[in-house]
Structure formats: C-alpha cells, structure tokens
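Opening my notebook on a new structure today. I'll jot down what I look up as I go.

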Amino acid sequence: MKFYIKTFGCQMNESDSGIFAAFLEQSGYLPTDNIDEADIAIVNTCSVRQHAEERAFTEIGDLKHFKTNNPNGKVVVVGCMAEKMGKELKQKFPQIDLLIGAKDAQRFPEIITKSGLLKPSTDIVTPKTQGALITTFITITRGCNNFCSYCVVPYVRGPEEYRPAEEIIQEIKGLAEKGLKEVTLLGQNVNSYRSVMSVPDPKNEESFSIKEIDFADLLAELNKIVGLKRIRFMTNHPKDVSDKFIKTIGTLNKVCNHIHLPLQSGSDRILELMNRKYTFDYYYGLIRKLRYHFSDISITTDLMVGFPKETDKDFKLTLDAVNKIKFDFAYVFKYSPRENTEAFKLKDDVPKETKEKRHKELLDLCNNTAREKNSKYIGKLVEVLVESNTGDEYFGKSKDNRTVSFQSSRNLVGQPINIKIKEAKIHSLIGEPIA
Ligand code: SF4
C-alpha cells in the first residue's frame, strides 16, 4: 500500500504533510512520488495566494485520471482550500473522497482513520519520516489573530493556539537524542507565543511553581537541549517583536543569526490599509536594534506591490525602505484579492501592467542587493549543516540561512562542514569543503 502527497504553500503545510506521512507509514503505507503507484493521494492546499490555489486546482483536477486508472484509489484534500471551499470543492471535483480543513489538520490521523479510507496493511514498513532527521519543522502555534487586510489565514486557520511548551521541549529533546541537529519552529506569528511551564522552586527542589513563558523563554529552554545545534524560527510579526526577544536571541548560541521579518510596504498609508499595526519608522527601529544586539544577523522579508490604492509615491517609499535596510533576501509578491478579506472590499485598482512593472523593479532591486551581499562571502569560510545530496553535489545551510552547495565524493549528510565560498548567486553560494 502506498501514499502520494503533494504539498502547496508554507512551511507549516510542509510540516503538516510530514506528520501525515509519518502517520501513514505507521499505518503500514509506503511513500511514493509516482501517483500511478499510489493507493491514496493527498493534496495539502494553500489559499494565501491566487497562484497557489490555481496550482492546487490543477493538481486536484488531474487526480480524476488517478481515479479512472485506479478506481479503488482514494483522494484526500487537506488544508486552507478544504477549509475555505468545503463542499463546493467536492462538487467541483467529485473525485475527492475526503476533505480535511486547515483547522482540523492536526486531527488528520483521527479523521482519516474514522473515514474508513485506510486499508489494513500487511506490509512491514519502517517509518522513514521520523528516523534520523537532521533538520525538521516543529509547529509551535497555529492560527492567527492579526487579520492583515489581504490575508485569509485567520479565516481558514482560526484564532491562535499555542502548543504547550513542555510538549514542544520533550518532542525536540526526543528528536535530538535520535540525531536531530536543527529545528525550525513554525507559527504564523511565533512572537505572540505564550505558554506555561512548571519550574522547580530554587529553595525546595521537590516543589514546583507554574511560570508563564513567552517566545524568548521558549528559545532559552530549547537552547539547553543537548545534541541540538541550531534553532530557527518563522514567521515573525514586527508588531510583536519585543526588546526582550531581540536581546535574548543575541545571547543564545544555538539560535541562528537569521530573522524573516515581513515588511510588506514602506508606506505608512499602505501599512495602515493592510492593517499591519506598525509604521515604517517602527520597523526600521527594530532592524537597528536587531543589528545592534546580533551584529551579523541576516534579515529577510516579504514585500507586496499593487495593494489597492498604492500610488507611485507609496511604491517609491517601498523602494526607499529596501535601499535603506538592504535585506539579505526578499520575497516580492503582487497583490491578489482574496475573498472574505477586508481588502477584498477595496477596489483592486492598481492596473495589472503597473503591478507587473513595480514587481519587476522591486525584485531587481532586492535581487541585486542579495547578490551584492552574497558576493561578500567569496573567499570566506562558512559552516554549513549538510542536509541533502544529489550524487556528488551536496546542499546545506549556513547559520545565516544561505543555501550552500559543494561537491564531495564522501557522504557528508548530517555533518557540519566548513566550506570555502568560491561563487555567489542571488539565491545561493557555491564552495568547496575544507578538510
Ligand atoms: S500575520 Fe497577517 S499575513 Fe501573517 S498570517 Fe496573520 S493575518 Fe496573515
């Protein structure tokens, strides 16, 4: 028995798909990348951008052939589109056997078991997904309370829920004992993380008290885990980035020197229309504090062009912001209206050609900065945690989140290796290992 999973969207969906895969493997199913071999096909969907939805529609549409070729095959659609469209999606694509909305994604094992879609398997399967992981995503919060005016996430994923700190710590400790080197903590807004922990009373070791903890405290606890080498986290919301958090990350040796801090626009007028709850000056203040406390921190961001009412002047402010901050990398998106959001009520009044033009101009600027910043690594030694390989070509990440590739005839996956950088591209560095 085999399963096929196609995942669209963010790292949280990637993480959820990993959990679905682990459960299916425990249930006796083997993973396959070939849909023709699968007994069950899962599409984990994303509604954040129109483009992601269109790709998922195509994937689900193609599963009609899967059902024709394999009438006993089952199709499960999970995630934001299942949450948002519900029965409408099933009417459009009758090949779907089961929908699991984003709010229920955590209950995947229970729901799919109750659905009766899984067949008892006699195959003996050694689960691969939770084996000797080198790096993994761990979700610490789900949902979002922020209601940025362009975003469907609060509607499809619901309000914020925080995983208990002790559960997160125990899970990562367990994985580190099995060889995990790096963890990326996930949440729509990790900075609003809250939990409680029981801590021993320093005066009486047998007595415990309950302590409220925030994201900085969680990082400090995870930093103590033996065997774990690197801690990453995303995504951050500027309005919730506290001074305590900034000072803490600068002191924790396992926290990687990288932060993804979405700016979206350099115009206060547009930021207000987006309901982002900060101004550019506030954001720039955070950048200065981050660079003060964590001098070699790399900063990446998300930027959006063509939001309703964005004028040339607003766009120029975004260009100015990018020139001032000099991000290490930026993801640049064109606004697309999403039903049910506040921004959907505004007229999508920036012409398509203007969106395209602004997108290109901003992307070129960001890419030039990224290339310039990467070129400063040429000739330098970078410690890379090796994650994967294709033949003799190995890939890994530097602590500041740069993808580094190099050639080796030795199997180096899972090891930290010093690489001398020879070449810099926009998205990556190329080098050679130093013995
Ligand atoms: S913070 Fe804003 S953009 Fe991010 S998930 Fe929440 S509503 Fe969406």
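I checked the confidence: the protein chain averages a pLDDT (the predictor's confidence in each residue, from 0 to 100) of 93, and 97% of the residues score at least 70. This is a predicted model, where local features need pLDDT of at least 70, side-chain atom pairs count only at pLDDT 80 or more, and totals for chains, interfaces and linings use all residues. Residues are numbered from 1 along each chain as its sequence is written, and side-chain values use heavy atoms, with hydrogens and water left out.

I then looked up residues 124-131, where pLDDT stays under 50. For that stretch the model has 16 contacts (heavy atoms within 4.5 Å) beyond four places in sequence.

Next, the ligand. Around it I found C144, N146, F147, C148, Y150, C151, V153, P154, Q188, H237 and R276, counting a residue if one of its heavy atoms lies within 4 Å. I sorted this shell into seven nonpolar (Ala, Val, Leu, Ile, Met, Phe, Trp, Tyr, Cys and Pro), three polar and one charged. Asp, Glu, Lys and Arg count as charged, and the others, Gly among them, as polar.

On to a sheet. I traced an open one of three strands (DSSP runs of E, at least two residues) in the order β13-β14-β15, with parallel pairing; pairing takes at least two DSSP bridges between strands. β13 (258-260) and β15 (329-334) each have a single partner strand, so one side of each lacks a neighbour in the sheet. I also noted six bridges joining β14 (residues 298-305) to β15, and T300 standing opposite F329 in β15.

Conventions
Helix = DSSP H or I, 4+ residues; strand = E, 2+ residues; numbered from the N terminus.
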